[in-house]
Amino acid sequence: MYDYIKGIVTRVTPEYITLEQGGIGWQIMTPNPYAFHQTEDIQQIFTYLHVREDMQWLLGFKSLEQRELFKKLITVSGIGPKGALAILASGIPSQVIGAIESEDEAFLVKFPGVGKKTARQMILDLKGKLSDLFTEIEFPDTASSLLSMAENDSLEEAFLALQALGYSQRELTKVRPEMQKEELDTEGYMKIALSLLLKQK
């Protein structure tokens with residue numbers, strides 16, 4: 001129904017963004033809302049409308065490849081839209097595909113909500129069906145954490161979110177060294193930063 005929407009991002013929350021286009025504010029669920037920035041620039045978001053009997057979700061993605069991987073993931077038994085979004089938020093799509101192609105269950109079970117059974121199902125259902133999404137497939141190092149391979153730098157996303165909340169660059173620079181000692185997701189970095197910023201008040 002919708003291939004993409006172009007508009008201005010007017011709101012960024014932990015779960016969704018609001019994209020204004022033609023006087024309408026579209027509420028769009030995304031893998032990582034903080035990957036989108038509140039600016040006056042026109043942004044293009046690739047969309048997917050997920051319809052159930054009791055709800056309709058409009059989902060948005062930074063790239064066409066990310067959206068197509070999402071569509072493949074939700075065909076796997078045990079993975080719904082929220083699970084697929086969590087996988088895309090935690091890892092680089094080309095490495096997710098590489099893990100499936102190499103049957104790397106140890107890497108796949110690192111994703112939120114993915115156990116051994118679901119990892120095996122992902123491999124059974126998708127192996128050999130994803131290589132056309134990316135010209136270059138990366139085979140992940142299972143010893144590495146998902147956070148270190150995330151498509152977007154969680155620390156930088158936390159800073160962007162904090163700036164959107166009204167904190168100045170000067171305030172954030174003061175707490176950055178302490179935050180860099182940790183390896184967390186965006187929400188984790190924000191919790192630490194807010195705690196440190198409140199102590200400065």
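1. Helix α1 (residues 64-73) packs against helix α2 (residues 81-90) at an angle of about 135°, and their axes lie 9 Å apart. Angles over 145 degrees would count as roughly antiparallel, and 65 to 115 as roughly perpendicular. The pair therefore counts as oblique. The crossing of α1 past α2 is right-handed. Note that this is a predicted model.

2. Now the residues behind that packing. From α1, the contact takes Gln 66, Leu 69, Phe 70 and Leu 73. From α2 come Pro 81, Ala 84, Leu 85, Ile 87 and Leu 88. Sorted by class, the contact of α1 with α2 holds 8 nonpolar residues, 1 polar residue and no charged ones.

3. Helix α6 (residues 154-164) and helix α8 (residues 186-200) pack at about 50°, with 8 Å between their axes. That angle makes α6 oblique to α8. Here too the handedness can be stated: α6 passes α8 in a right-handed crossing.

4. On the α6 side, the contact with α8 uses Ser 154, Leu 155, Glu 157, Ala 158, Ala 161 and Leu 162. On the α8 side, the partners are Thr 186, Tyr 189, Met 190, Ala 193, Leu 194 and Leu 197. The residues of this contact split into 9 nonpolar, 2 polar and 1 charged.

5. Buried residues in α8 are Thr 186, Gly 188, Tyr 189, Met 190, Ala 193 and Leu 197. Among them, Thr 186, Tyr 189, Met 190, Ala 193 and Leu 197 also meet α6.

6. His 50 sits in strand β4 (residues 43-51). Is His 50 buried or exposed? Its relative accessibility is 15%, so His 50 counts as buried; the cut-off for buried is under 20%. Leaving out residues up to four places away in sequence, His 50 touches Met 55, Gln 56, Trp 57, Leu 59 and Pro 81. Pro 81 also belongs to the α2 side of the contact with α1.

7. Gln 121 lies in helix α5 (residues 116-126). With a relative accessible area of 27%, Gln 121 is partly exposed. Which residues does Gln 121 touch, not counting those up to four places away in sequence? They are Val 76 and Ser 77. The C-alpha atoms of Gln 121 and Ile 79 are separated by 9.6 Å, although these two residues are 42 residues apart along the chain.

8. Pro 14 is in the loop between β1 (4-12) and β2 (16-21). Pro 14 has a relative accessible area of 64%, so it is exposed. Even so, Pro 14 has contacts beyond its neighbours within four places in sequence: Pro 33 and Tyr 34. Pro 33 is 19 residues away from Pro 14 along the chain, and their C-alpha atoms are separated by 6.3 Å.

9. Last, the chain as a whole. How many helices and strands does the secondary structure of the chain have? There are 8 helices and 5 strands. Read from the N terminus, the order is β-β-β-β-β-α-α-α-α-α-α-α-α. The chain has 201 residues, and 44% of them count as buried. Take the contacts between residues at least 6 apart in sequence: 58% of these join residues at least 24 apart.

Key
Residues are numbered from 1 along each chain as its sequence is written. This is a predicted model: local features need pLDDT of at least 70, side-chain atom pairs count only at pLDDT 80 or more; totals for chains, interfaces and linings use all residues. Side-chain values use heavy atoms; hydrogens and water are left out. Axes are lines fitted to C-alpha atoms, for helices over the stretch in contact, and angles run from 0 to 180 degrees between N-to-C directions. Helices (H or I, at least four residues) and strands (E, at least two) are DSSP runs, numbered from the N terminus. Angles under 35 degrees count as roughly parallel, over 145 as roughly antiparallel, 65 to 115 as roughly perpendicular and the rest as oblique. A crossing is left-handed if the near helix is turned anticlockwise from the far one by less than a right angle, and right-handed if clockwise. Contact means heavy atoms within 4.5 Å. Ala, Val, Leu, Ile, Met, Phe, Trp, Tyr, Cys and Pro count as nonpolar, Asp, Glu, Lys and Arg as charged, and the others, Gly among them, as polar. Buried means under 20% relative accessible area, exposed over 50%, partly exposed in between (1.4 Å probe, protein chains only).
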